[in-house]
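Work through the exercises below with the structure in view. Try each task before reading its solution.

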Amino acid sequence: METTSQHTSSPDRKQSAAAYRNLIVATIGFTLTFWAWNLISPLSGDFKERLGLSDFQQSLLVAVPVLVGSLGRIPAGALTDKFGAKLMFPAVSALTILPVLLLIPARNSYGAMLAVGFLLGLGGTTFAIGIPLVNSWFPPAKRGLALGVFGMGMGGVALSGYFTPRIAKHGETLPFWIVAGALLVYSVIAAVMITDHPGRSVPTDSLGHRLGQAGRLRVTWELSALYAIGFGGIVAFGVYLPTYLKTWYEMSPTEAGTKAAGFALVTVVFRPIGGWLSDRVHPALVTAGALLLAALMAILQAFDPSLDPVGTIALLCMAAGLGTASGSVFALVSQVTPQAKVGSVTGIVGAMGGLGGFVPPLVMGAIYSAKDSYSIGFMLLSDLALAGAVYSYGRMRNLRRDS
């Protein structure tokens with residue numbers, strides 16, 4: 001009897017070890033490619049001075065890789081459904097090396113920088129490759145936490161913001177060589193260590209047909225809206241928080257950057273917490289609670305409290321709410337999406353989340369220019385988060401996979 005028990009548990013242990021191996025390797029790759037994706041932003045001030053750019057030209061230079069990376073998740077997710085992450089992860093990581101190295105000769109021409117920035121968007125697509133991989137390896141009871149841990153790879157953007165300019169002080173092109181070298185090593189490791197789940201179902205229809213099917217699912221757009229609020233809020237604050245702190249609280253650029261990094265760190269930490277909670281409570285309830293917290297903190301911040309301590313507490317609690325929601329929404333994706341369509345749906349939802357981060361900074365800037373106040377912008381954010389909380393609770397908690 002004991003021998004039989006050992007034999008039956010051995011495949012389970014092997015599968016569990018394979019699941020965690022894939023999770024770790026995918027998370028490292030997600031972090032690295034997101035660092036590469038964000039290489040231009042931390043150095044944009046230098047590019048502005050070198051090339052004599054206007055504020056709009058500088059913003060466009062930073063925005064191009066992010067927009068391309070967000071939209072590129074749609075085909076990347078569908079291709080992962082078809083070819084698997086074992087092929088897609090090392091291939092995309094290796095291909096990202098090209099635009100990283102092209103930044104070296106391109107850095108003296110604005111047109112060349114825009115073209116390379118377009119190609120650099122490739123690094124932002126790995127999110128839609130890792131989600132279906134992790135989703136396939138973990139059972140439903142552990143899936144939320146696993147997806148949340150993988151989602152921590154978005155911290156690659158924060159790592160890039162902190163380390164890239166510091167590395168550049170030791171050599172103008174050094175950050176590009178280091179990131180390219182790291183991607184090369186990772187591509188080889190990923191090709192060896194990432195494995196697709198043996199039970200993975202491979203779709204036989206065309207890419208266009210699969211994307212069309214995913215686009216016709218009502219739940220795809222419901223999840224996209226929720227992720228645009230959660231992750232879009234994170235992206236928006238990552239982009240705009242330093243400006244807000246410098247303008248409203250009269251901080252130095254360094255101090256504002258440090259505070260913004262703290263906000264980003266909280267969102268990264270709370271993403272797996274959102275996934276972990278979703279393994280224990282329905283992810284729609286977690287999403288509703290997290291967005292409600294973000295809404296309440298946005299209302300508090302709309303009254304322009306002093307930064308020490310009320311404003312700091314409000315902003316950090318908002319970060320916790322948005323980070324938790326971004327983790328719980330993808331636990332919801334895995335729960336209500338047919339397994340064979342997870343990649344396609346993830347691509348669309350991930351794209352909408354990335355794009356959702358670009359509207360709020362524009363709105364906040366326009367309102368401040370017109371009214372000399374950020375209060376209306378924070379109230380609009382609270383309305384949006386509250387609507388997401390109500391929709392999550394009222395509609396999404398009753399969904400099942402066949403919906």
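**Exercise 1: The overall fold**

In this predicted model, buried residues account for 52% of the 403 residues in the protein.

Task: State what secondary structure the protein has, and decide whether its radius of gyration agrees with that of a compact globule.

Solution.
- Step 1. The secondary structure consists of 17 helices and 0 strands.
- Step 2. Along the principal axes, the C-alpha atoms fill a box of roughly 70 × 50 × 40 Å.
- Step 3. For 403 residues, a compact globule would have a radius of gyration near 22 Å; the protein has 21 Å, so the two agree.
- Step 4. Of the contacts between residues at least 6 apart in sequence, 84% join residues at least 24 apart.

**Exercise 2: A pair of helices**

Task: Describe how helix 13 and helix 14 pack.

Solution.
- Step 1. Two packed helices are described by the angle between their axes and the distance between the axes.
- Step 2. Helix 13 covers residues 283-302 and helix 14 covers residues 307-336; the angle is about 155° and the axes are 8 Å apart.
- Step 3. Angles over 145 degrees count as roughly antiparallel, and therefore helix 13 and helix 14 are roughly antiparallel to each other.
- Step 4. The crossing of helix 13 and helix 14 is left-handed.
- Step 5. The residues of this contact divide into 20 nonpolar, 7 polar and no charged.

**Exercise 3: A loop residue**

Task: Is Thr125 buried or exposed? Which residues does Thr125 touch, leaving out those up to four places away in sequence?

Solution.
- Step 1. Thr125 sits in the loop between helix 5 (110-120) and helix 6 (127-137).
- Step 2. Buried means under 20% relative accessible area. Thr125 has 5% relative accessibility, so Thr125 counts as buried.
- Step 3. Beyond four places in sequence, Thr125 touches Gly69, Gly72, Arg73, Ala76 and Val92.

**Exercise 4: Backbone angles**

Task: Find what the backbone angles show at Glu250, at Asp372 and at the peptide bond from Asp308 to Pro309.

Solution.
- Step 1. Most residues other than glycine have a negative phi, and most peptide bonds are trans.
- Step 2. Glu250 is not a glycine, yet its phi is positive, near 55°. Glu250 lies in the loop between helix 11 (218-248) and helix 12 (253-278). At 70% relative accessibility, Glu250 counts as exposed.
- Step 3. Asp372 also is not a glycine and has a positive phi, about 60°. The place of Asp372 is the loop between helix 16 (359-371) and helix 17 (375-394).
- Step 4. The peptide bond from Asp308 to Pro309 has omega near 5° and is cis. Pro309 belongs to helix 14.

Notes
Residues numbered from 1 in each chain as written. Predicted model: local features only at pLDDT ≥ 70, side-chain atom pairs only at ≥ 80, totals over all residues. Heavy atoms only, no water. Axes fitted to C-alpha atoms, helices over the stretch in contact; angles between N-to-C directions. Helix = DSSP H or I, 4+ residues; strand = E, 2+ residues; numbered from the N terminus. Parallel < 35°, antiparallel > 145°, perpendicular 65-115°, else oblique. Left-handed = near helix turned anticlockwise from the far one by under 90°. Nonpolar A, V, L, I, M, F, W, Y, C, P; charged D, E, K, R; others polar. Rg over C-alpha atoms; globule rule 2.2 N^0.38 Å. Buried < 20%, exposed > 50% of the residue type's maximum accessible area, 1.4 Å probe, protein only. Contact = heavy atoms within 4.5 Å.
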